[in-house]
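Welcome! Take a moment to look over the structure, and then let us walk through it together.

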Amino acid sequence: MKATKWQSGLLATACALSINSWAAPVVSTSAIEARRPNIVLLFSDDMGYADAGFQNISQDVVTPNMDRIAADGVTFSSGYVTGTVCGPSRAGLITGRYQQRFGYHDNTAPYSRDADTPLGLDLSVPTMANYLADAGYRTGMVGKWHDAEPEEYWPHNRGFEEFFGFNNGAATYYVGPMNEAKHDYKKEAAIYRNGELVDNFDQYLTDKFGDEAVDYIRRNKDEPFFLYVAFNAIHSPMEPKQVDMDRFADIEDENRRKAVAMNYNMDENIGKILDKLEKEGLSDNTIVVYLADNGGKRNDNYSLNTPLRGEKGSFWEGGIRIPFAMSWKGVIPSGQTIDEPIISLDLMTTFLSAAGIENKAEWQLDGEDLLPLVTGEVGQLEDRFLFWANSRGWAVRDRNWKLYDENARRIRQKPMLFNLSGDREEQHELTEKFPKEAERLLTAYNEWNAENDTPRWGWNRQQFPHYNGHHSREERLAQGEEVREAEDAANEVRRAKARAVIDAS
């Protein structure tokens, strides 16, 4: 792998953080491996653009530990994810490829395009953990996975040596004391260690995830490791700890107070992870990245996307532009804010570069290496387009312009053009004024989309005619309303008891 200018500079100064030194024949294998950076990837759920303190937008959030990551490195003010909802966003992040390449346009859903469609992240597509494990990294995942139900799709069968978490879109934060009962009621929202159900535990779920991440670092500190921590906070259900609600008693809107309280608790657990890295002497040789999976949803989890338009589920900026920060002490200069449009796909390529792993053409990765940008070797990335699409609409942007078709199935609806360089709020539609720009972006989108698979699943029975049994949806509906209500009521009783146990502790 050819060394970039910034890599060569580190070698010239014989810095212990040199990331290309493993290619030099004069360095022993053990010394080389010691210099490869650890990677900690922190992912939050349904967190709004304004809900991280380092964004300097919302006045009610308190996130000192997210802010530490930004202060120690770089904030990407135009950072994006590839999806508007949880599953597709995770699929793009963890593969480094647009998830539309393999038909993962929406969350896994009960209806498929045909009976042969696999319901989950295509098993032929390697993950970030696969690439890093092949290069000798230890790999661990804590938190929310959200993919197909069969165990072959779970993290411990997708490159992660260790997995602690759940495989669903949401889980109660008070699952611990009723985990075994939750498995009987809704097993995809129960907590597992690899494929084994975890015994009941008396701990708030976000705290448990933080502690599991800290323990992973303790056990793997002597080897290069990749740790992916996917918090389900601040996704609904809105279940903050009472102590955190009390902390923000000055917030009058109770729903907003719940979001801020849950956000604060997640930040405390991010702090545990950062503190553990420092305690073990790993901070200067660890890349830490924080980002959210999509925008917030104001009337669901009461997160804020100010000043952006739109929310989770849309390709307006509020659905896809998210808080995004990265640090690597001694390599990435601190205190930076970069407005260059970047996307979660770039993390795969960046991590491979940092680890000295050759990015092979046959891998077909869609992201760019961010290291030259964040180290100051280059002022901006080469011109490119970023793309979004699901079974309803699509969007494309370059450095300045964005074209958005909110509902592509409405024949008479035309795509909308915005100049994001001066209108990130998307208030001024410009198609009539700049038709050539709209046509240029439309051509780019059509060329990109022609290389993608068609959507494999969804909720529209007309568009996806095959029922695939996902979460036993139709079987549950067939139970009848009274049976379902009785099951839900019993679950609420269990949840109340679990909350009492945890709040008392």
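## Before we start

This is a predicted model, in which local features need pLDDT of at least 70, side-chain atom pairs count only at pLDDT 80 or more, and totals for chains, interfaces and linings use all residues. Residues are numbered from 1 along each chain as its sequence is written, and side-chain values use heavy atoms, with hydrogens and water left out.

Helices (H or I, at least four residues) and strands (E, at least two) are DSSP runs, numbered from the N terminus. Two strands pair if DSSP finds at least two bridges between them.

You can find Thr139 opposite Phe226 in β9.

## The sheet of four strands

Another open sheet has four strands in the order β14-β15-β16-β17, with antiparallel pairing. Here β14 (386-389) and β17 (416-419) are the edge strands, each pairing on one side only. From one strand to the next, the twist averages 10°; axes are lines fitted to C-alpha atoms, for helices over the stretch in contact, and angles run from 0 to 180 degrees between N-to-C directions.

Strand β16 (residues 401-405) and β17 run antiparallel and are joined by four bridges. Trp401 stands opposite Asn419 in β17. Helix α13 (residues 435-449) packs on the sheet, where it touches β14, β15 (394-397), β16 and β17, and its direction makes about 65° with that of β16. Contact here means heavy atoms within 4.5 Å.

## The largest pocket

On a 1 Å grid over the protein atoms alone, a cavity is a set of points where a 1.4 Å probe fits but cannot get out, while a pocket is an open set with protein on both sides within 12 Å along at least five of seven lines; lining residues have an atom within 4 Å of a point. A volume is the space filled by probe spheres set on the points, with grid points joined across faces, edges and corners.

The largest pocket holds about 1,100 Å³ of space. Of the 41 residues that line it, Asn168, Lys186, Glu188, His471 and Arg476 lie nearest its centre. Two or more lining residues come from each of α6 (179-186), α14 (473-478) and α15 (481-504), and α15 gives the largest share, six residues.

## The cavities

There are four cavities of 30 Å³ or more. The largest has a volume of about 120 Å³, and its lining includes Arg68, Asp72, Leu274 and Trp328. The elements that give two or more residues to this lining are α3 (64-72), α9 (254-279) and β10 (286-292).

The second largest cavity has a volume of about 70 Å³. Helix α4 (residues 86-95) gives the most to its lining, with four residues. Among the residues that line this second cavity are Gly87, Tyr104, Trp145 and Tyr228.

## A pair of rings

Rings of Phe, Tyr and Trp (its six-membered ring) pair if their centres lie within 6.5 Å; planes under 30 degrees apart count as stacked, over 60 as edge-to-face and the rest as tilted. The whole structure has 28 aromatic pairs. Tyr174 and Tyr204 have ring centres 5.4 Å apart and planes at 65°, so this pair is edge-to-face. The pair links distant parts of the chain, 30 residues apart: Tyr174 is in the loop between β6 (162-166) and α6, and Tyr204 is in the loop between β8 (196-197) and α7 (205-220).
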